[in-house]
Amino acid sequence: MEKWFDLTLDSALAIVISCLGIYISIIIYTRIFGKRSFSKMSSFDFAMTVAVGSMLASTVLSDSVTLPEGMIGLFFIYLFQLVAAYLRRWDFFREAIDNSPLLLMDGNDILHDNLTKARVTVTDLRSKLREANIVELEDVKAVVFETTGNIVVIHSHDKRPVNDWLLKDVRRK
């Protein structure tokens, strides 16, 4: 326990310099490779965010990872993300790494089997409907459990149907 509070000027300075260096690297790499690096569009994007956080923490707080090693590791994480984003243009690769959106409600019909698949409770669904300002179930056009884990409520007070293009990639069962 005595190591918990053991801090030398050299180690504090190393942490500050590593933190600044890795922080600047993240900014530069994000500018080069794009904001997609931190989007929540797919499970692969989520993995990217976790990997960057882990690399940042390892570089700043670990004696075993030097600043140049952390910068190189970050560069390749960003590069792999860019390659994956490019490969996602092909259905085979996209289906291999991404989840599919899942329909939870079709109009005012609750799809209980899909709720079970998504591990979403009726209480969770009800909460999302309230969050979307739904006052009548008849106003619900569709509820989609997106690949990011977000639940999206499509609603309207008129009788127009949802455009098929919006639900093109959504699994119904």
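Helices (H or I, at least four residues) and strands (E, at least two) are taken here as DSSP runs, numbered from the N terminus. The structure described is a predicted model. On this basis Arg119 is placed in the loop between α5 and α6. Its phi is near 60 degrees, a positive value in a residue other than glycine. With a relative accessible area of 75%, Arg119 is exposed, since the threshold for that class is over 50%. A second residue with this backbone feature is Asn133, which has a positive phi of about 60 degrees although it is not a glycine. Asn133 belongs to the loop between α6 and β3, and at 61% relative accessibility it counts as exposed.

The chain as a whole contains six helices and four strands. Read from the N terminus, the order of the elements is α-α-α-α-β-β-α-α-β-β. The radius of gyration is 22 Å, well over the 16 Å that the globule rule gives for 173 residues, so the chain is more spread out than a compact globule. Along the principal axes, the C-alpha atoms fill a box of roughly 65 × 40 × 25 Å. Of the 173 residues, 31% count as buried. Among contacts in the chain with a separation of 6 or more, 57% come from residues 24 or more positions apart. The chain carries 20 positive and 21 negative charges, whose mean positions lie 6 Å apart.

In soluble globular proteins, nonpolar side chains tend to be buried together. In this model, the largest nonpolar core has 14 residues, and those with the most contacts inside it are Leu104, Leu129 and Val143. At least two residues of this core are supplied by each of β1 (102-106), α5 (112-118), α6 (122-131), β3 (140-145) and β4 (151-155). The largest contribution is that of β1, with three residues. Val143 illustrates the packing: when residues up to four places away in sequence are not counted, it touches Leu102, Leu103, Leu104, Met105, Leu125, Leu129, Ile151, Val152 and Val153. A second, separate core consists of eleven residues, including Met48, Leu67, Ile77 and Tyr78.

Ser18 is found in helix α1 (residues 9-33). Its relative accessibility is 12%, so Ser18 counts as buried, the cut-off being under 20%. Neighbours within four places in sequence left aside, Ser18 is in contact with Thr59, Val60 and Leu67.

Ser100 lies in the loop between α4 (91-97) and β1. With a relative accessible area of 40%, Ser100 is partly exposed. Residues up to four places away in sequence not being counted, Ser100 touches Phe145, Thr147 and Arg171. Ser100 and Glu146 are 46 residues apart in sequence, while their C-alpha atoms are 7.3 Å apart in space.

Note on methods:
Residues are numbered from 1 along each chain as its sequence is written. This is a predicted model: local features need pLDDT of at least 70, side-chain atom pairs count only at pLDDT 80 or more; totals for chains, interfaces and linings use all residues. Side-chain values use heavy atoms; hydrogens and water are left out. A nonpolar core is a set of buried Ala, Val, Leu, Ile, Met, Phe, Trp, Tyr and Cys residues joined through side-chain atoms within 4.5 Å. Buried means under 20% relative accessible area, exposed over 50%, partly exposed in between (1.4 Å probe, protein chains only). Contact means heavy atoms within 4.5 Å. The radius of gyration is taken over C-alpha atoms; the globule rule is 2.2 Å times the number of residues to the power 0.38. Lys and Arg count as positive and Asp and Glu as negative; His and the chain ends are not counted. The place of a charge is taken as NZ of Lys, CZ of Arg, CG of Asp or CD of Glu.
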